[in-house]
Amino acid sequence: MSNIIVGIDIGTSKVSTVIGKINSMGEVEVLGKGTDPCTGVKKGIIIDIEAVSSSIRNSVKMAEAQAEIKVVTAYVNISGLHVDIKNHKNFTVVVSDNKEISRNDVEKLLYSAGTIDIPEGSEIIDVVPRQYIVDGYDGITDPVGMKGTKLEGDFDVVIGKVISIQNIVRSMEKAGLKVDGIIPEGFSAGECILAPDEKEMGVVLIDVGGGSTEISVFKNEMLVMNKCIPVGGDHITNDLSIALKITYSEAEKIKRQLQLASTTLIKFDQDITVNDISESFKKNIKVSDIIEVIEARVYEIFSICSDLISKNCPGNYGAGVVLSGNGIAALDGAVQIANELFNTPVRVASPKVRSLSSLQYCTAAGIVSYIGKQEREASTTSSISKKTDLKPVKKAKQSSFVKKALNALKEFFY
C-alpha cells in the first residue's frame, strides 16, 4: 500500500475523494472514490468547518469502502482564490573540482526560492521546480550528476493565505485526517482533463463551479497563470431568482431542466408555469426570458476570464479553451458563447481516467496524478481489516527543503 495517494477536492457544492495510485503506464488507477454534498463553502471560502469536515468524512468513507483501505493522511486542494503562485529564478555556480552538480547545489536554489518576501498573513506552502538550466541548456528535470559550471533554477513558489490554510487543515483534522500537502487547483485541475499536447501548444482551462470559477492557463507544458474569481453557477441561479421573482430552489430547478445558455438555441419559446416567490400563486414565464438571464451571466463570466487572461498572459493558445465544472459546461450554448469571446476552438472537458465517467472526481484524481508525477510522499493508509497496521510511506525523491517546509507548515497549523 506504500504507493497509494489520496486526493480530496473541497468544492463549493461537494467534497470528492479519490484513493489511487500510478500504474506502470504512468496512469491514475482509481482504487476507490466517493463524493458528498457540501454546504460549508461559499464562493470558494470555508464558512462552516463542521459542515465541511462532515462532507470530507462521508466522501472518504465511501472511497474507503470501495478500496478496502483505511485513510489516515491525504492531499487536499486549495482554490486559486487563496493562493498566489510566484515564479522565482536564481542561479548558483558549481564549485566542485570536477564540476559535477550535487544535491547541495540544487538545495541552494530551492532554499533561495523558499526565502522570498511574502505578504503579511501568508505562508509558503510549496516550492515546485519548473525546470533546471545547466550552462544555458534548459528543460532539465533533475540536474544532479550532470557536469556544468552554472546551474539555474526556475521555480513556482506557492504562497497561501494563513487563515484559509488553517480552515482547510482544521476541517481535515475534524474529519480525522492529517494533511500530506495542500495542492493549488491550478496544478491538479488539468491532470485528468488536458492532454500533454494541449499543455505544450497552449490551452486555457476554465472550471466553473458553484461559487467560483478557476482559470488555469498552460503553455510549453507549464502552468503560466492560475486565477480564481468568486462567481460561478450559483450566481446564474441567483440572477434567475431575482429577475423572475421566484425562489432560489425554483430557479435552480428551471436552470437544470432547460440546460440552455443561448437564446439562439431555443426551439419553442413556450411558457413555463412556476411558483411566484411568495409561493401563493403560479405564473407563466417565457423560456426566452429565462435564457436571456442565463446567457447574460454566462457571457459575463467568460468576459471576466478573457480580461484576466489578456491582462496576465496575453498570447495565442493553439489548443483553445476547455470548459469544465458543473456550473456552466453542461449548459448547451456555453461553447458557442466562449468561442465568440475567445475566438478560438472550445470544447467541453471529459475525464481522461478510464474508470471515471464524471467530471466531479477529476480534481481529486488530478491531485493523485500530480503527486505521483512529482514523486512526493504517498499517503498513509492501512487495510480495512487491520486498521492499526499502518503502512509506512514510500521514500520520495522530493527535495529536503520542500519536506522541511511542509513539516514546518504542519507543525504551525496543528
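Strand β9 gives the largest share of the lining of the largest pocket, six residues. Helices (H or I, at least four residues) and strands (E, at least two) are DSSP runs, numbered from the N terminus. The model is predicted: local features need pLDDT of at least 70, side-chain atom pairs count only at pLDDT 80 or more, and totals for chains, interfaces and linings use all residues. Residues are numbered from 1 along each chain as its sequence is written, and side-chain values use heavy atoms, with hydrogens and water left out.

The largest pocket has a volume of about 1,500 Å³. A pocket is an open set of points on a 1 Å grid over the protein atoms alone, where a 1.4 Å probe fits, with protein on both sides within 12 Å along at least five of seven lines. Its volume is the space filled by probe spheres set on the points, which are joined across faces, edges and corners. Lining residues have an atom within 4 Å of a point. There are 49 of them, and P129, E191, Y370, K373 and Q374 lie nearest the centre of the pocket. Two or more lining residues come from each of β3 (28-37), α2 (103-113), β9 (122-134), β10 (137-140), α5 (196-201), β15 (222-229) and α10 (362-374). By class, the lining has 21 nonpolar, 12 polar and 16 charged residues. Ala, Val, Leu, Ile, Met, Phe, Trp, Tyr, Cys and Pro count as nonpolar, Asp, Glu, Lys and Arg as charged, and the others, Gly among them, as polar.

Helices α7 (residues 248-258) and α8 (residues 287-312) have axes that come within 11 Å and cross at roughly 95 degrees. Axes are lines fitted to C-alpha atoms over the stretch in contact, with angles from 0 to 180 degrees between N-to-C directions. The two helices are therefore roughly perpendicular (65 to 115 degrees). In α7, I254, K255 and L258 meet V287, I290, I291 and I294 of α8 (heavy atoms within 4.5 Å). This contact has six nonpolar, no polar and one charged residues.

The protein chain has 11 helices and 20 strands. Its C-alpha trace spans about 85 × 55 × 45 Å along the principal axes.

Note on methods
Parallel < 35°, antiparallel > 145°, perpendicular 65-115°, else oblique.
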